[in-house]
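Please look first at the sequence and the model together.

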Amino acid sequence: MPAVYWHSWLVVVLFLVLGVALAFGLLGLGSLFRPHQPSAAKKTPYESGAIDIVEAKEVRFNVRYYLFALMFVLFDVETVFLFPWAVAFNRLHLFGLIEAFIFLAMLGVGLAYAWKKKVLRWQ
Amino acid sequence: MIDFFSQPTNLWFVVIAFLTLIASLGVVAGEKVMHLALNLGGSFAGVAALFVLLQSPFLAIAQVLIYVGAILVMILFGLMLTGAHATEPTGVETGKKVTVATAVIVLTALTIWGVYGSAGRWPVVPSGLDTSLTALGQALYGHWGVAFEAASTLLLAALVGAIVVSRREDDEA
């Protein structure tokens with residue numbers, strides 16, 4: 001593989017290093033200057049100033065989040081499949097276009113089913 | 001051995017494989033479920049980096065998009081749903097640990113035996129094969145078109161199945 005390949009991934013590594021360094025650097029810099037006077041009231045997790053009813057670790061999420069995550073996984077896979085199609089689009093001509101639309105239509109049926117079953121509605 | 005490390009790619013492989021193994025060990029040896037899930041994310045990311053080293057950037061991106069971006073989030077949501085025990089020790093009995101350890105050792109031995117025993121009998125990918133994303137797209141939408149459309153049916157079945165299973169109580173009510 002040409003050196004260009006590795007150089008382009010070096011940029012990704014650089015992004016990762018910078019991202020981590022930024023987070024730790026800013027927090028570290030802040031800890032040098034800010035006052036440190038913890039109290040019990042400051043440590044409570046809060047929402048709109050209300051006193052919390054349960055411990056943060058005991059909070060349970062609505063099952064709907066899980067359904068949305070599940071559907072996201074499927075449409076994510078669909079997106080990944082469409083990526084090579086987009087790259088090779090110029091060489092695939094009409095047949096590739098039709099194939100991609102059949103693929104999309106199949107998932108469209110799934111989306112319509114989810115819609116009809118009111119999975120997308122937040123009650 | 002010196003030869004092996006003179007290649008920068010091999011050096012990177014050792015580093016990334018080591019980090020991936022550490023994260024994977026964290027998944028099986030950790031105590032708290034939420035920490036296990038986060039370690040799993042590290043393991044997924046390590047596998048993505050290994051794909052980059054194997055010069056398969058598309059697989060690496062797919063790994064990040066699907067495994068780190070979607071499946072890990074789904075696992076985390078699942079843990080938050082079950083709630084109470086998410087931060088408590090998992091507490092697996094010793095008997096189960098022994099069973100699982102035995103199974104892992106046997107399976108590892110079988111895998112090593114399978115790989116080394118069949119060396120030379122597996123087809124080797126011809127060198128100089130076009131592995132670019134354009135070639136992949138052409139193969140996927142050309143020669144493997146039917147299999148590709150079958151995959152869409154699989155996705156549809158998964159989607160409908162998930163909805164049917166999770167919405168059952170609502171329909172009966």
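B:Thr99 is exposed, with a relative accessible area of 53%, where exposed means over 50% relative accessible area, buried under 20%, and partly exposed in between (1.4 Å probe, protein chains only). B:Thr99 belongs to helix H5 of chain B, residues 94–117; helices here are DSSP runs of H or I with at least four residues, strands are runs of E with at least two, and both are numbered from the N terminus. The C-alpha atom of B:Thr99 is separated by 18 Å from that of B:Thr111, 12 residues apart along the chain.

The model is predicted, so local features need pLDDT of at least 70 and side-chain atom pairs count only at pLDDT 80 or more, whereas totals for chains, interfaces and linings use all residues. Residues are numbered from 1 along each chain as its sequence is written, chains are lettered from A and ligands numbered from 1 in the order in which they are written, and side-chain values use heavy atoms, with hydrogens and water left out.

Chain A holds four helices and zero strands, which gives the pattern α-α-α-α along its sequence. Of its 123 residues, 21% count as buried. Among the contacts in chain A with a separation of 6 or more, 55% come from residues 24 or more positions apart, a contact being heavy atoms within 4.5 Å. Chain A exposes about 9600 Å², and carbon and sulfur atoms supply 72% of that area; accessible areas come from the Shrake-Rupley method with a 1.4 Å probe, and for residues only the protein chains shown count as cover.

Most residues other than glycine have a negative phi. A:His93, in helix H4 of chain A, has a positive phi near 60 degrees, and this residue is exposed at 59% relative accessibility. B:Gln55 also has a positive phi near 60 degrees; this residue sits in the loop between H3 and H4 of chain B and is partly exposed, at 28%.

What joins the two chains? On one side 48 residues of chain B are in contact with 50 residues of chain A. The two chains bury about 4600 Å² between them, 76% of it on carbon and sulfur atoms; buried area is the accessible area (1.4 Å probe) that two parts lose on being put together, summed over both. B:Leu81, B:Tyr141 and B:Leu155 lose the most area on the side of chain B, together 16% of what that side buries. The elements of chain B that give two or more residues to this side are helices H3 (33–53), H4 (57–82), H6 (133–141), H7 (145–166) and H8 (168–172), and H7 gives the most, with 15 residues.

Helix H6 of chain B has buried residues that include B:Leu133, B:Leu140 and B:Tyr141. The buried residues of this helix pack against helices H3 (63–87) and H4 (89–116) of chain A, together with H4 and H7 of chain B.

In H7 of chain B lies B:Ser152, which is buried, with a relative accessible area of 0%. A polar atom of the side chain of B:Ser152 lies 2.6 Å from the backbone oxygen of B:Glu149. Leaving aside neighbours within four places in sequence, B:Ser152 is in contact with A:Phe103, A:Met106 and A:Leu107.

Notes. Polar contact = N/O pair within 3.5 Å; in protein donor to acceptor, adjacent residues only side chain to side chain.
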